[in-house]
Every structure is written in C-alpha cells, then in structure tokens.
Amino acid sequence: MTFLHLSFYSAFTLSSLGLAFHRIHLISALLCLESMMLSMYMALSTWPAQTQTTSPSLTPILMLTFSACEAGIGLAILVASSRTHGSDHLHNLNLLQC
Amino acid sequence: MDLPMILNISMLLTLATLLTPLLSPLLVKNYKNSPSTIMQTVKTSFLISLIPMTLFIYLGMENITYFWEWKLATNFKIPLNFKMDQYSLMFFPIALFVTWSILQFTTWYMASEPQITKFFLFLLTFLIAMLTLTIANNMFLLFIGWEGVGIMSFLLIGWWHGRAEANTAALQAVLYNRIGDIGFILCMAWSATTINSWDIQQLSPLNQTPLLPLIGLILAATGKSAQFGLHPWLPAAMEGPTPVSALLHSSTMVVAGIFLLIRTHPMLHSNPTALTLCLCLGALSTLFAATCALTQNDIKKIIAFSTSSQLGLMMVTIGLDLPQLAFLHISTHAFFKAMLFLCSGSIIHNLNGEQDIRKMGGLQKTLPTTTSCLTIGNLALMGTPFLAGFYSKDLIIESMNTSYLNTWALSLTLLATSFTATYSIRMSLLVQTGFTRTTPTILINENNPAITNPITRLALGSITAGLLITTYILPTKTPPMTMPTTTKTTAIIITLLGILLALELSKMTHTLIKPKQNPLLNFSSTLGYFNPLTHRLSSTQLLTTGQKIASHLIDLSWYKKMGPEGLATLQLKAAKISTTLHTGLIKTYLMSFALSILIILISSTQ
C-alpha cells in the first residue's frame, strides 16, 4: 500500500489499541476515539481525490457530525463521572461488576 | 373270544384300576384311602396288565385306539390316542411290578409319617402320569404325561418341605426339566407346522428329517434323563424320601426322556448327525457320572450317579440306532436299580438315619437279606453273566464294538463300564464287609415282611428278567453274532479290571495313610465343578445383563446422561467457564475485543 494508506492504517490501529488498553483515565480512551475519528476523516477525504469521483465527497462531513455527537456524549460521561466520583478513573465505572 | 377287544379292555382296565383311589373319595360317601388299599390297587393293576402282555408275547398283537377328538382348529385335531405296542405293553407290567414292591416297602419306610396316605396318592398320581406317557401315541398326550411326572417329581422331592436343601433340590429338578421341555415344545411346534399333526406315526415316512425337531427331542431327553449339561438335578433329587428315589429317579421318570427317543426313533433313524450327537452325549454322560460316583460317600448319591451313568448308556444305545436294546436296558435296569434303592432305604432306616458309607460296615451279619440283595443288585448292575443286566449291557457293549462309530465314544463307554464295577464293589465292601463303623446304640431289625418281600421279589426279577424278556421278545434287528473272542469278552474283562482296582484300593483304606489332595480327587468329589460354575455364573450373568439393559442403559444413559440432564450439564460447564470472563469491567471487554480483531486479521490474511 502507499505511504498514505500506511499512515491511515497505522494511526487507526494504534488508536484502537490505545482505546482497548487504556488503564487509568477515561479521557485517554476519549482521546484515542478522537484520533480514530481523525484518521478516518483523513482517509474519507483523500478517497474521492484519489479515485476522481465526486459523489462520496459528502461522507467526511457526515462522519464529522456523528463524531462530534459521540465526542459530546463521551465528554458528558466524563463530566458525570468526575462529578459523582471526583475523578475520571476507570475503576469507578463498576456498577456491572459481578 | 375277541382277542383284540380283550387286549384293549384289559389295558384300559389297568389304567382305570389305578384311577379308583383318586376318584373314589369323590364318588363314594365317607371313603377313606389307606396305604394298604393303594398298594392292593397297584398289585391288582399289575395282575391285570399281565393279560395284554401275554397276548402280545404269544400272538404279537398290537393295538392303536382312538377315542374322542379335541378339535382345536378345523384342520388340526388332537385325538385321545393310545398305542399298545411292544414298548408300552412290556413297560406296563414292569413298572407296575416295581411300583407294587416299592409301595409295599413304603408302608414300612414311611410308617411314622403322619401324611402317609397323601404320599401314597402322590406316588399313584405319578404312576398314572408315567403310564400315560408310555401309552401315548401323539405328542400332546405324551406331553401331558411328561409334565405330570415333572410336577409329581417336584412335589415328591420336596416332600419334607421344611428342609431347605429339599426345596432347592426340587426347584433344581423343575428348572432343569423345564429347559428340556423347551426342546419338546420346539419339536411339537415343528411337527404342527410341517405335518399338521402331533401323531408320532405320521413322522416316520419322512425320508430325511431336518435337524431342528431332532435337536428339540434330544434336548428334551437331556433335561428329563439327566444327560451331561442338564444333569445336576438327579443327584440333588436324593433329598426326597427313598421310595421316591426308587420309583422316580431310577426306574420310571428318568427313563421318560429315553422313552421319547425310542418312540420317535424313525425320525432319528434317517439323520446320522442326530445319532452321532446322541452317541457322544451319552458317552460323555456315562463317563462323567461314573467318575463322580467314585468318590461319593453317601450311599444314595452313589446309586443316583449309577442311574445317571446307565441313562448315558441308554442314550449311547439310541445313538447306535438300536431302540429295542435301549428298551431292554430300561426294563432290566428298573428291577435292579429299584432294588438297590430299597436296600439302601432299609440300611438307612435300620442304622437310624445314617447315609454315609464311611460309617457303615459289617452289615452282612446283621442285615443278611438286605445285603444279599444289595450284592445281587450290584452284580446285575455290573453285567455279571446271566443276571438281568448282562442281557442288555453286554449286548450294548458288543454292538458298540462291532459297529462303525466314533472311537472316543467307545472308549469313554468302556471306561465308564469299568468305573461302574469299581464304585459298585467299593460300595459293597464299605457297607457290608469289614468291621462295624456304626454307633453301637442302634437296633437293627429287618424281620418285617414289608421289607423283605419287596426286596426279594425284585431280586428275583433282577435275576430272571433279562432271560425272560430276551426269550420271549425277539429282536427286530439281528444282533451281531460273530466277533473275535477279545471283542466278545470285552465287557467282562473291563469289569474284572474294575473289580480288581476296587479291591486294591480298598486295601489302601485299611492302612492309616493321610489322604492327600490331588486335582483328580477334587474333580471327582466336586462333581466336575459343574454345579458352582453353572449355577452361579449363569444367574449372575443373566441378572447383570438385565441390570445393564434396563437400569443402566435405558434409565441412566438415555434418560439422564444423554437426554435432558446431559444437555443441562453441558450448558452448565460452558457457563461456568465463561463466568470468570464476564466480570462487568470495560477493560476486559475491550481487551477481548482487541484480541478477537487480531485473530480475525491474522486468519483472514492466511
């Protein structure tokens, strides 16, 4: 694959691994989510440019919208957690633990 | 003088006379049977049965009577069919004579029995069943007699039903007879489906009888006549009173199997496989029984094994295709065997219940009549020339030696003949001669005519019966007349060898050497290990198979392990493993998510 594609894939993979293996803070997971979103945005943007098709030009905008919603929800969870428990440590989210 | 009618009427009168003690209490008011009346009935019956026998001997008159028919189905009729031929006409007087003597003896033997009349009635019922068996011409009537003797045997062996061994012995007799009955019913079923009749005459024109009904008949004879394989009930049947042993298990019931084979002989004649089977089975039975008799110490058991051995010899004769000779042996055997049992009964009662020959001795001086007749009986059994047993036994051995047959069967029979001499002489020596080994507090008295008359009568029969029967009844097949001297005297030579062996061994018992155990002694005294092996093995195997199929396979396996409970166990196992992973923490979930993505990626690129 080209250098461009490598950068997208590696950014996405590293961010998803970071999402999976975050340990202490919730915010690191959210940051990883943002970086995943960023790499997907860049991929979706360069795709119509490479294939010279104009129809999918709208897709990055759609993705941005949804990611903005998702980031908002993530931040809301962060704020709620910090307000109830005083910090955003992950071990506070243990209501479902058996 | 309408002689066929006289033949018919006298035979039927014989049977009717025997029925009177059973029917009179129902017909006459306040009629009470008593032992002496029943004995007189049998004596009268014997005298009447001499008439048809005389008619047969002098005129060769035979008869078949059809009575009433039982219309079972439209094409299958079962008549009441009596066949009065050589076998039944000769058997009736002999059986009635022996029974009369035994009943006279029983009036003394069972005198202290409170239910003596019932005992006599049982014996009478048995006799009627046996005579029905003898005179039957179709297999249905034979089967009625067959089952009748089986049931009476059960009731009579277990006469002292308070004794556990007597009950076990009676049960053993019934079970082994039942296995033989399966063979009988197989033959009946085959003939009903193939020939559409149960008449024995209709079975003879077949050129080559298939093996299946013959196997059934041989199985029936094995069960009833205690051949090897179904033999343990005969020694165990000695638990019954001595008159029962004398009547049933020596003269009459146990020969019923051989009698069946004699009756259906035309079927056997054409099938060499069946004849060889009879021959080998008979040879094996006779040797096995003779081996077991060598180390027995109970006088009744020795005589029981002797009976078993002679039955094997009769089976050998059937295998040689000589039914008339087998019947001759049945007739002569009845006399001396019944007498041997009656002598042993007299000895046992006089010694106050002692049955072990190691505790008898020197009885020749105190019981002269009994011991003389015991000696005569033993000599007749061994085939001493010109006593009763000689005419049948010597002829059998001669026929065996001069015919083309299996050498193994021949050698076994000859060995068994010498063993017969050995155990008979051993019994005589230990019982009659030497010093007394009984307790000194017994009262020996044999001066009762109820003891001496039957025994001497049967002794007379043992001496003369062979001569009389062979003089008056001509054989249908010519016996072998020419053979080398060694072959002719084979029976006597091996009998003498057996006697010498017994005399030599008895000298050993006078010296005080401690007896050592060796495998042959163990084999002989435990009756060939047959009883514990089969009785325990077969029942445990049957029961464990039943348990495996019913309980383990069906209940446990299908309904539990592989059915609903197995499913539940499987689910439970899976749930238990995955419970540790389902912790509710996001970290573990995300980690497993990454792991699965990794696995998918790796597997998709390859």
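**View 1. B:Asn352 sits in the loop between H14 and helix H15 (363-366) of chain B.** The model is a predicted one: local features need pLDDT of at least 70, side-chain atom pairs count only at pLDDT 80 or more, and totals for chains, interfaces and linings use all residues. Residues are numbered from 1 along each chain as its sequence is written, chains are lettered from A and ligands numbered from 1 in the order in which they are written, and side-chain values use heavy atoms, with hydrogens and water left out. Helices (H or I, at least four residues) and strands (E, at least two) are DSSP runs numbered from the N terminus. B:Asn352 is not a glycine, yet its phi is positive, at about 60 degrees. Most residues other than glycine have a negative phi. With a relative accessible area of 67%, B:Asn352 is exposed; exposed means over 50%, buried under 20% and partly exposed in between (1.4 Å probe, protein chains only).

**View 2. B:Asp321 lies in the loop between helix H13 (299-319) and H14 of chain B.** Phi here is near 70 degrees, again a positive value in a residue other than glycine. Is B:Asp321 buried or exposed? B:Asp321 counts as buried because its relative accessible area is 12%.

**View 3. The largest pocket has a volume of about 1,500 Å³.** The search uses a 1 Å grid over the protein atoms alone: a pocket is an open set of points with protein on both sides within 12 Å along at least five of seven lines, a cavity is a set of points where a 1.4 Å probe fits but cannot get out, and lining residues have an atom within 4 Å of a point. Grid points are joined across faces, edges and corners, and a volume is the space filled by probe spheres set on the points. Of the 32 lining residues, B:Arg426, B:Leu505, B:Met508, B:Thr509 and B:Leu521 lie nearest the centre of the pocket. Helices H12 (272-294), H18 (407-432), H21 (490-510) and H22 (519-525) of chain B each give two or more residues to this lining. The largest share, seven residues, comes from H21(B). By class, the lining of the largest pocket holds 14 nonpolar, 13 polar and five charged residues. Ala, Val, Leu, Ile, Met, Phe, Trp, Tyr, Cys and Pro count as nonpolar, Asp, Glu, Lys and Arg as charged, and the others, Gly among them, as polar.

**View 4. The second largest pocket has a volume of about 1,000 Å³.** It is lined by 45 residues, of which B:Gln324, B:Leu325, B:Pro475, B:Thr476 and B:Lys477 are closest to its centre. At least two lining residues each come from helices H3 (86-109), H10 (255-263), H11 (265-269), H14 (323-350), H17 (388-401) and H19 (449-472) of chain B. H17(B) supplies the largest share, six residues. The lining of the second largest pocket divides into 23 nonpolar, 13 polar and nine charged residues.

**View 5. Helix H10(B) is largely enclosed by the rest of the structure, because nine of its nine residues are buried.** These buried residues are B:Val255, B:Ala256, B:Gly257, B:Ile258, B:Phe259, B:Leu260, B:Leu261, B:Ile262 and B:Arg263.

**View 6. The largest cavity holds about 50 Å³ of space.** Its lining consists of B:Met382, B:Gly383, B:Lys393, B:Asp394, B:Ile397, B:Thr417, B:Ala491, B:Ile492 and B:Thr495. H17 and H21 of chain B give two or more residues each to this lining. The classes are four nonpolar, three polar and two charged residues. In the whole structure, three cavities of 30 Å³ or more are found.

**View 7. The second largest cavity has a volume of about 40 Å³.** B:Thr286, B:Ser309, B:Gln310, B:Leu313, B:Lys393, B:Thr413, B:Ala416, B:Thr417 and B:Thr420 line it. Which helix of chain B gives the most to this lining? H18(B) does, with four residues. The lining of the second largest cavity has two nonpolar, six polar and one charged residues.

**View 8. B:Thr439 is in the loop between H18 and H19 of chain B.** Its relative accessibility is 49%, so B:Thr439 counts as partly exposed. B:Thr439 and B:Leu521 are 82 residues apart in sequence and 28 Å apart in space, C-alpha to C-alpha.
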